[in-house]
Amino acid sequence: MLLRPGELTLEELRAIHGGAEAIDASLKPQPLVMDPRALPGILASAAVVQAAADGDAAVYGVNTGFGKLASTRISAADLATLQLNLIRSHSVGVGEPLPPAVLRLMLATKAASLARGYSGVRPVVIDTLLAVHNAGLVPYVPSQGSVGASGDLAPLSHMTLALLGEGDFLQDGRRVPAAAALREHGITPLVLSAKEGLALINGTQTSTALALHALFSFEPVLEAALVIGALTVDAARGSDGPFDPRIHALRGQPGQIDVAQHYRALLAGSAIRASHQEGDDRVQDPYCLRCQPQVVGACLDQLRHAAGVLLREANAVTDNPLVFAEDGMMISGGNFHAEPVALAADAMACAIAEVGAIAERRIAMLIDSNVSRLPPFLTANAGLNSGFMIAHVTAAALASENKSLAHPASVDSLPTSANQEDHVSMATFAARRLQPMIDNVAHILGIEWLAAAQGIEFLRPLRSSAPLEAAHALLRQACPAMPEDRYLAPDIENASRRVRSGQAGRVLRALGGPGLIGPG
């Protein structure tokens, strides 16, 4: 793939990430090659930095200390040591390591940002980032320790330390000394020059990569939510009237319009729906059925907005100071502050939580015989059997957990660096906490899928639509019907795995059209 600085697309970022297959740590990376048109700008900005290093004036990040120590002047003889000490001292992260998919995005977006020619690094810095990426090497980067301002300092320092041959890489789940791993792949350890350490660790690439990881991980879960939600409509013998396009056109919300269209396509041709178009004394379905376009469509709009923010951020130059070679100036600013990513991640958290919340309500509706008109708890011999009673309790627990996780991280700022960095974004946590939320929603949907399929069994020999029968058959490949109580946890895991991996969502994609969140 040709890496074009400032012009990365969402499809390209998804390819670098690996999509739903990114959970496989053995996934081979998409080879990246820098667009040669970027070279003149890279060289021009590096020349400005070198001139500053050779001059007498104090220039932040070149011949001064950092943060609160910016007023400390560093001698020319110590400039290389300054950059090396910066990386060593800032590699202070804790917690579990970031997954390979996130590191692939970090390496690629950092290279693309530096290659725009406003950071003052030499081409060898970008070449080393891409060499590590293309070799499939995964720097060992602890997941905790960034507040998302002054850049993602700790995680990007750990990434950079591995490039220098001093940190570690992850290989087959084990930490391997970086020097040995680089040597094995024929990569020369990077030796930093003036400003290069600062350019590598200033920036929002970790926050952005984590948020993109969540976006790409949640898309197949969202697709599954539409398929499973439609299956629940048929299992409860709900109406397709609320999906009439005229209703949604009058409101004009694009996500709502698109989601309603998907429900119409999924339910088209259902004999179950045809069986109760007459003689059904129910006037309206519960909100969890008829308001799915309004709720999930609003979530889709938030996710699409977040995708736009993250795409811009992935293409941005976010280190400091910035180098403007056309007039030889270096200007300090604050592009490293990750507030756009934090707010986007918080919006994603609310959307993810709501997709799970309305799914939990659909499960509650299915097991309530007074509403669904199915056997109590979806079991034919209720009392002797408990059916889906406690499976719903699990779904409720997960939905409630997501409510707490959805609390906005961006409103929680703690000053750091002796009040020099007195407002921070918390973007890294805002994005990192999305993965457990996605896992929770996948499990809720797995439970709903099992419950809806069980409801369909009680309506046989009537058949649902072709797409929904395909979804039913996909589940039954691994999870048989439950005529009486059995150990259900393995079925929940099997169903949830098919949600997360994109297998359930393929039913929706088979109907045609672009991806929900973006092309792909």
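Me: Leaving aside neighbours within four places in sequence, which residues is Q256 in contact with?
Reply: In this predicted model, Q256 is in contact with H248, R251, P293, Q294 and G297.

Me: Where does Q256 sit?
Reply: Q256 belongs to helix α11, which covers residues 254–267.

Me: Buried or exposed?
Reply: Q256 is buried. Its relative accessible area is 3%, and the cut-off for buried is under 20%.

Me: Other topic: α5. How far apart are its end C-alpha atoms, and what span should its residues give?
Reply: The end C-alpha atoms of α5 are 16 Å apart. The helix has twelve residues, 123–134, and at 1.5 Å a residue they should span 16 Å, so the two values agree. The expected span is 1.5 Å times one less than the number of residues.

Me: Which residues of α5 are buried?
Reply: V125, I126, T128, L129, L130, V132 and H133 are buried there.

Me: And what comes just after α5?
Reply: G136, which takes a positive phi of about 75°.

Me: Now the second largest pocket. What volume does it have?
Reply: The volume of that pocket is about 340 Å³.

Me: How many residues line the second largest pocket, and which lie nearest its centre?
Reply: The lining has 23 residues. Y60, G67, S150, F336 and E421 lie nearest the centre.

Me: Which helices each supply at least two residues of that lining?
Reply: Both α3 (79–90) and α8 (196–201) do.

Me: How many of the lining residues are nonpolar, polar or charged?
Reply: Nine are nonpolar, eleven are polar and three are charged.

Key:
Residues are numbered from 1 along each chain as its sequence is written. This is a predicted model: local features need pLDDT of at least 70, side-chain atom pairs count only at pLDDT 80 or more; totals for chains, interfaces and linings use all residues. Side-chain values use heavy atoms; hydrogens and water are left out. On a 1 Å grid over the protein atoms alone, a cavity is a set of points where a 1.4 Å probe fits but cannot get out, and a pocket is an open set with protein on both sides within 12 Å along at least five of seven lines; lining residues have an atom within 4 Å of a point. Grid points are joined across faces, edges and corners, and a volume is the space filled by probe spheres set on the points. Helices (H or I, at least four residues) and strands (E, at least two) are DSSP runs, numbered from the N terminus. Ala, Val, Leu, Ile, Met, Phe, Trp, Tyr, Cys and Pro count as nonpolar, Asp, Glu, Lys and Arg as charged, and the others, Gly among them, as polar. Buried means under 20% relative accessible area, exposed over 50%, partly exposed in between (1.4 Å probe, protein chains only). Contact means heavy atoms within 4.5 Å.
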